[in-house]
Structures are given as C-alpha cells and as structure tokens.
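Here are some notes to read alongside the model, written as numbered points. Please keep the sequence and the 3D view open while you go through them.

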Amino acid sequence: MSASTYGYPVLPGAALDTPGAAEVLRRRERGLRWGAWAAAAEAALLAAVTAAAGPGSAAALGAAAVLLPAVAVTVGLMLLWRRARRRERLVMACYGWQVWPCAAQEVRVVAAEGRREGGRRWGSDGRVVLLRPDGQSHCSFPPPGEGWDGPAVPQPAGPPQEVWFAGDTRFGGMLALPGGLPFRYVTRSKPGGARGSAEEDALARRTGLMPRGWRPRR
C-alpha cells in the first residue's frame with residue numbers, strides 16, 4: 001500500500017533516480033567479485049592438492065573434505081547476496097519515494113543480554129514508526145541509517161519527523177531519510193493482511209516483496 005492512501009505525497013520518478021543511489025547499489029553488487037574470487041581460490045587449491053598428492057590419496061581426500069563444503073558455503077552466500085542486491089535494485093526501480101510522517105519508538109526484542117523474563121532475555125531496539133493522519137501507527141521499521149555503507153550524509157539533530165519509503169508497507173521496501181540517502185531494505189516481521197488493488201499486488205509480487213503464499217484478510 002502507498003502513502004497516497006492517506007493523501008501523503010508520492011514523489012515523481014523512481015527511487016533509483018536519487019542522486020548517488022545507483023552508485024551505492026553498484027558498489028554493493030561488486031561484492032560478488034570477492035565471493036567469486038574466494039570460490040575460485042578454494043577450487044584451485046583443491047585441484048592443486050589433488051594433482052600433487054594424487055586422486056584418492058589421504059591428502060586429496062582430506063582437502064576435499066575441507067574445501068568442498070567451503071566452496072558450497074561460498075557459492076551459497078554469493079547467491080543470497082546476489083538475490084538481495086537484485087531485490088534492492090528492482091524495488092528502487094519500480095517504486096517512487098513516498099513521504100511519511102514518523103516517530104521514533106523503542107520496542108522490546110529478544111536479545112542475548114538484558115532482563116530475563118518468561119525464560120528469555122529482553123532488550124530494546126529503536127524503530128521508526130510510520131504514522132497515519134490520526135497519529136496512530138501504520139507500521140514500523142528499523143532506522144534507515146543503521147548499517148549504511150554509502151557516502152557520509154548529514155544526520156538530522158534528533159529523531160526525524162518524516163521518512164521516505166519506496167515499496168509496499170504491507171510487506172517492506174526501501175526506507176530512507178528525506179533526500180533518499182541513507183537507505184536500507186526493510187521488511188515487516190509479520191506481513192500486513194490488508195487487501196491491495198490488483199496493480200499493487202502485481203507489483204509487490206513482481207518485485208519479490210509479497211511473500212509466497214500470502215493471502216489478504218477476508
């Protein structure tokens with residue numbers, strides 16, 4: 001669903017048109033090269049040990065036992081990284097920035113350290129709450145600046161009063177400070193059940209935001 005549902009502005013163009021956004025995505029996508037080099041080095045080392053010690057030798061079998069799982073893990077991480085980068089680019093290419101009023105909120109989360117209650121340890125985590133016109137929460141996401149790996153961007157003094165969002169708030173998308181940087185991919189811990197239009201559902205499905213098997217509330 002879009003901010004236009006509440007009469008909030010939706011900026012023209014795609015989020016990917018934000019100055020500097022495409023370069024940040026390209027730099028992230030280049031991370032695949034490191035994975036490819038690591039997988040190639042692991043495979044080359046296995047081939048070298050096998051050639052030197054002979055196929056079926058104890059050294060070759062030992063190297064295979066260590067390096068084949070390492071290659072599999074590296075390739076698996078590469079595929080996950082590629083999928084995440086493709087999803088970011090697709091969302092930013094297909095959605096424009098929506099301008100949402102927001103508020104900062106601390107929420108209780110399960111943590112490794114903190115107060116124990118009910119058999120679990122609890123801590124707190126900052127969230128950005130997107131607000132409806134009546135001031136109530138529409139949904140919440142992690143702050144957009146966490147984990148930012150792009151260029152330095154001046155940060156507002158105090159919690160932001162509005163954020164930009166590109167995506168479908170029932171599922172997730174890209175969340176940014178006003179201006180479009182920094183941004184991060186966010187998802188809802190539990191997808192919203194509101195029924196969208198046929199166009200909204202089709203776009204959320206095409207960009208991978210809609211989880212498989214999702215059904216709206218009746």
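1. Is glutamate 23 buried, partly exposed or exposed? At 31% relative accessibility, glutamate 23 counts as partly exposed, where buried means under 20% relative accessible area, exposed means over 50%, and partly exposed is in between (1.4 Å probe, protein chains only).

2. A word on the basis of these notes: this is a predicted model, in which local features need pLDDT of at least 70 and side-chain atom pairs count only at pLDDT 80 or more, while totals for chains, interfaces and linings use all residues. Residues are numbered from 1 along each chain as its sequence is written, and side-chain values use heavy atoms, with hydrogens and water left out.

3. The chain has 4 helices and 6 strands, taken as DSSP runs (helices H or I, at least four residues; strands E, at least two) numbered from the N terminus. From the N terminus on, these elements follow the order α-α-α-β-β-β-β-β-β-α. Of the 218 residues of the chain, 36% count as buried.

4. Salt bridges that share partners join Glu23, Arg26 and Arg30 into one network, and a search of the whole structure finds 8 salt bridges.

5. Another salt bridge joins the side chains of glutamate 88 and arginine 28 (3.1 Å, N to O). Glutamate 88 lies in helix H3 and arginine 28 in helix H1 (residues 21–29), so the pair ties together parts that are 60 residues apart in sequence. Both glutamate 88 and arginine 28 are buried.

6. Helix H1 deserves a look of its own, for Ala21, Val24, Leu25 and Arg28 are buried there. These residues cover an arc of only 95 degrees around the axis, which puts them on the same side of H1; the arc is that of the directions from the helix axis to the C-beta atoms. The buried residues of H1 pack against helix H2 (31–53), H3 and E6.

7. In soluble globular proteins, nonpolar side chains tend to be buried together. The largest nonpolar core here has 23 residues, and those with the most contacts inside it are Met92, Trp97, Met174, Phe183 and Leu209. Such a core is a set of buried Ala, Val, Leu, Ile, Met, Phe, Trp, Tyr and Cys residues joined through side-chain atoms within 4.5 Å. The largest share of this core, 3 residues, comes from H1. Apart from it lies another core of 12 residues, among them Ala3, Cys102, Leu130 and Phe165.

8. Which kind of peptide bond runs from leucine 181 to proline 182? That bond is cis, with omega near -10 degrees, and proline 182 is found in the loop between strand E5 (172–176) and strand E6 (183–187).

9. Finally, consider leucine 77, which lies in helix H3 (residues 58–94) and is exposed, with a relative accessible area of 54%.

Terms used: Salt bridge = Lys/Arg side-chain N within 4 Å of Asp/Glu carboxyl O. Contact = heavy atoms within 4.5 Å.
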